[in-house]
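Please look through the model shown below before reading the numbered points. They are meant as a colleague's notes, to be checked against the coordinates.

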Amino acid sequence: MADLRCDFVGIRSPNPFWLASAPPTDKEYNVRRAFEAGWGGVVWKTLGLDPHIVNVNGPRYGAVWGADRRLLGLNNIELITDRPLETNLREIKAVKRDWPDRAMVVSLMVPCDEASWKSILPLVEETGADGVELNFGCPHGMSERGMGSAVGQVPEYIEMVARWCKANTRMPVIVKLTPNITDIRFPARAAFRGGADAVSLINTVSSITSVDLDTFSPLPSIDGKGSHGGYCGPAVKPIALNMVAEIARDAETRGRPISGIGGITTWRDAAEFMALGAGSVQVCTAAMTYGFRVVQEMIAGLGLWMDRGGHAKLADIVGRAVPNVTDWQYLNLNYVAKARIDQELCIKCGRCFAACEDTSHQAIAMLPGRVFEVKDDECVACNLCVNVCPVEGCITMERLAPGATDPRTGRVVPAEHANWTTHPNNPMAKAAE
Amino acid sequence: MKPSLAGEGPRASGIVAGRLPAEAIARNFSDIAPRFDDHEAMVAADRCYFCHDAPCVAACPTSIDIPMFIREIATGAAESAARTIFTQNILGGICARVCPTETLCEEACVREAAEGRPVEIGRLQRYATDTLVARGGHPFARAAATGRRVAVVGAGPSGLACAHRLAMLGHDVTIYDARPKAGGLNEYGIAAYKAPGGFAQAEFDWLLGIGGIEVRHGVALGRDLTLETLRADHDAVFLGVGLAGVNALGIEGEDKAGVRPAVEFIAELRQAADLGALPVGRRVVVIGGGMTAIDAAVQAKLLGAEDVTIVYRRGRDRMGASEYEQDLALSRGVRIVTGAVPLRAIGDGALAEVEFAHVREGEAGLEATGETFRLAADQVFKAIGQRLGPLPSRLALAGGKIAVEGPGRTSLPGVWAGGDCAAGGEDLTVTAVAEGRDAAMDIHAALCA
């Protein structure tokens with residue numbers, strides 16, 4: 001089987017699957033069991049300065065469900081660890097001593113002054129931990145106190161704190177970024193400018209998951225009131241993938257280490273993050289939904305996929321998709337596709353028809369006997385029919401070969417690439433040279 | 001349960017009561033498909049794809065907007081779902097229980113094509129309708145009174161659907177029914193385990209909540225009133241009298257004690273206060289291949305008959321009862337013999353045996369193979385179909401039923417008909433409801449013209 005061993009900024013783990021800093025990594029009992037289940041590493045739940053913070057005593061989580069009550073999105077208003085610093089440090093040391101081959105990264109969040117950081121870093125170093133992760137991400141609670149995403153939303157602060165940390169510890173420093181910002185490249189650049197070894201992202205997205213329509217309180221409701229929380233789980237994965245890719249292809253940060261986080265639920269999700277440049281991945285919601293054992297599926301699945309693809313080690317897959325992430329203006333406008341419906345697989349639900357007829361291009365015909373056929377002279381290959389079809393693989397997009405005539409435009413499909421930058425409708429088009 | 005000794009319980013000879021202990025009877029006749037709880041309904045509703053121009057709707061004789069009501073269930077609005085159902089089918093509650101969904105909506109479900117497991121539409125319909133009815137009140141309001149009067153003969157599915165729709169449109173309706181209780185086959189037919197707990201009467205009472213419907217029980221057309229009187233006293237008449245006659249076997253010995261129509265047995269069973277007191281044979285033979293045959297056979301078995309055999313003249317694929325119903329009978333221990341017709345009922349005094357001839361499909365219909373056999377029987381239920389009871393001779397007939405055109409118009413002006421008594425249709429509860437409803441709309445149009 002493929003070699004899944006991971007070396008991320010010098011932090012070694014037997015596989016790239018780490019548990020993210022969150023409730024699953026809050027204490028020794030959990031982390032020991034996570035390691036027994038096979039997790040390659042953990043980022044210990046964020047430590048702060050004493051006196052330790054307190055949490056609400058009502059519900060901390062809200063959720064969004066899909067069909068069959070599958071948990072798609074989870075939102076939380078839990079703060080950083082609510083246990084004394086000394087307790088956490090003692091447990092971290094004990095676990096690391098017994099599990100030397102696993103990655104032990106400690107998440108930190110202290111006030112934005114150098115003295116605070118200078119005081120906590122040696123305490124962590126003394127535990128034997130492999131690295132620290134600076135929590136500049138949590139969008140709720142702590143941000144009201146000038147920490148978490150309040151720092152992550154100001155690139156200058158990120159750079160400043162990263163620099164303090166690098167100056168005060170020999171441990172690798174990972175900066176965890178908040179997605180609650182317009183352009184993720186700015187905080188990432190700041191982190192690396194400050195000397196950070198890596199960034200990890202995304203932290204949770206500011207969110208209100210729902211409203212109780214009887215009490216008119218946001219959920220989760222604490223005595224009739226709600227506060228925005230941080231959203232995570234499968235629902236945020238596309239947001240996270242894009243942010244990871246943006247950093248991976250940015251001229252200033254290209255090739256710098258990224259630990260990917262955000263809705264990773266299966267080996268497939270993990271592989272996608274890694275293809276977009278993540279050197280390790282962090283998981284929380286999947287473990288919180290299904291328990292620690294899911295890592296075994298992730299390890300087996302990633303290994304199987306790598307074996308099938310002839311990828312021997314993680315370095316063979318990390319960043320492989322990055323060169324294929326581009327700007328819209330460079331997409332090939334001479335790539336012409338048409339939807340194709342496999343009549344053998346079709347179960348005749350007609351959802352493709354309803355979607356296309358009501359909301360798209362009226363490019364699917366409903367024939368007698370509930371036979372659905374694509375009208376090539378109307379189809380713009382938008383892919384909506386593929387997306388709404390309940391049967392995987394029933395509708396596909398097939399490229400029209402160069403030389404064929406597109407029945408919609410009446411034009412022959414050219415073989416050469418052509419994009420918006422040279423398109424005659426583009427007022428900014430560059431003249432062919 | 002201990003094996004029965006010869007001469008006791010299921011093995012007691014003759015037609016006797018008390019073959020099974022009370023607990024076994026209660027268990028046997030409990031709700032065959034209990035109502036979904038909220039969680040089950042959510043899981044089942046999640047599976048609906050909300051198809052475009054959905055095949056299940058096309059397969060429903062009353063054209064209930066099934067994807068819409070399932071979506072309403074899935075979003076926690078079961079009462080809205082029920083309203084969607086009742087708008088098309090006011091007897092959606094009983095139909096959810098007795099419809100052969102496996103040959104209607106659920107057979108058409110695209111998930112049947114995809115996975116061989118359709119969305120459980122019937123049970124979801126029951127969940128929705130039961131939820132609304134349990135909340136109390138009636139979901140529809142009556143239109144302003146029109147002053148028009150309509151007679152509905154027969155309080156079965158077609159008559160009730162017709163009466164409700166007419167009343168809702170503001171007409172005054174009088175229902176005349178020959179039996180002491182309303183409901184028709186919902187009350188007197190149908191296997192007891194499909195609608196236990198007095199459901200048919202509760203549904204009838206709920207249906208009357210629309211107002212404007214008067215019911216006269218124990219009044220039979222031809223005996224207590226004439227069609228001419230009805231026509232004279234009302235602006236329109238709807239006939240939903242069902243099929244009161246039972247087809248005879250036409251064999252020697254048919255008049256023996258123990259040989260009786262299956263529908264009688266089913267009605268008696270439905271009306272029995274104590275099923276343990278209901279006599280049934282030790283060896284029961286049911287002749288026929290439709291739903292009535294299945295309902296009689298299964299219930300005879302559930303009452304404790306030792307051997308129950310259905311004998312049908314053609315193959316199982318030609319039986320009127322669906323495969324699901326056939327499987328139900330087989331799972332309850334009923335034997336199904338096909339390709340045989342009865343020749344005579346034999347017995348010195350009491351019935352002892354029935355002799356059958358094997359037949360096969362030939363060029364000119366069924367032909368005897370020359371082989372015969374006998375089945376021991378102390379009770380025989382005839383279930384080879386029903387026919388019209390006595391009717392006014394002026395009504396034109398077609399194929400032994402009242403001839404109708406369009407939405408139930410008979411040969412007589414101002415007289416409509418629907419349900420089993422009318423020609424065409426499939427003799428299903430749900431078809432009867434559709435015909436009653438559509439006739440009501442046509443009557444309404446005629447009265448308002």
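1. A salt bridge is taken here as a side-chain nitrogen of Lys or Arg within 4 Å of a carboxyl oxygen of Asp or Glu. On that criterion the structure holds 58 salt bridges over all chains. Side chains of opposite charge can pair when their charged atoms come close.

2. This is a predicted model, in which local features need pLDDT of at least 70 and side-chain atom pairs count only at pLDDT 80 or more, while totals for chains, interfaces and linings use all residues. Residues are numbered from 1 along each chain as its sequence is written, chains are lettered from A and ligands numbered from 1 in the order in which they are written, and side-chain values use heavy atoms, with hydrogens and water left out.

3. One salt bridge joins A:Lys237 to A:Glu272, with the closest N and O atoms 2.7 Å apart. The pair links distant parts of the chain, since A:Lys237 is in helix H7 (residues 237–249) of chain A and A:Glu272 in helix H8 (residues 267–275) of chain A, 35 residues apart. Helices (H or I, at least four residues) and strands (E, at least two) are DSSP runs, numbered from the N terminus. A:Lys237 is buried at 15% relative accessibility, whereas A:Glu272 is partly exposed at 30%. Buried means under 20% relative accessible area, exposed over 50%, and partly exposed in between (1.4 Å probe, protein chains only).

4. A:Arg249 and A:Asp327 also meet through their side chains in a salt bridge, at 2.8 Å from N to O. A:Arg249 lies in helix H7 of chain A and A:Asp327 in the loop between H10 and strand E17 (337–341) of chain A, so this pair ties together parts that are 78 residues apart in sequence. Both partners are partly exposed, A:Arg249 with a relative accessible area of 22% and A:Asp327 with 31%.

5. In chain B, B:Asp31 forms a salt bridge with B:Arg126, the closest N and O atoms being 2.7 Å apart. Here too distant parts of the chain are linked: B:Asp31 is in the loop between helix H1 (22–28) and helix H2 (38–46) of chain B, and B:Arg126 is in helix H9 (residues 121–135) of chain B, 95 residues apart. B:Asp31 is partly exposed at 22% relative accessible area, while B:Arg126 is buried at 10%.

6. Which residues of helix H1 (residues 28–37) of chain A are buried? They are A:Asn30, A:Val31, A:Ala34, A:Phe35 and A:Ala37. They lie on the same side of H1(A), because they cover an arc of only 160° around the axis; the arc is that of the directions from the helix axis to the C-beta atoms. The face turned away from this buried side carries the exposed residues A:Tyr29 and A:Glu36. The cover over the buried residues of H1(A) includes strand E3 (17–19), strand E4 (41–47), helix H2 (85–98), strand E7 (103–108) and helix H10 (294–309) of chain A, contact meaning heavy atoms within 4.5 Å. A:Gly38, with a positive phi near 120°, follows H1(A). A network of salt bridges links A:Glu28, A:Arg32, A:Arg97 and A:Asp98.

7. B:Arg282 is placed in the loop between helix H14 (262–271) and strand E7 (283–287) of chain B. B:Arg282 is buried, with a relative accessible area of 16%. Leaving aside neighbours within four places in sequence, the residues in contact with B:Arg282 include B:Pro10, B:Arg19, B:Glu306, B:Asp307 and B:Asp378.

8. How many disulfides does the structure hold over all chains? The count is zero, a disulfide being a pair of cysteine sulfur atoms within 2.5 Å. The sulfur of A:Cys385 is 6.1 Å from the closest cysteine sulfur, in A:Cys382, which is too far for a bond. A:Cys385 is buried at 9% relative accessibility. B:Cys162 is in no disulfide either, the nearest cysteine sulfur, that of B:Cys421, being 11 Å away. B:Cys162 is buried, with a relative accessible area of 0%.

9. B:Gly406 lies in the loop between strand E16 (401–402) and strand E17 (415–417) of chain B. B:Gly406 is exposed, at 68% relative accessible area. From B:Gly406 to B:Glu435 the separation is 29 residues in sequence and 9.8 Å in space, C-alpha to C-alpha.
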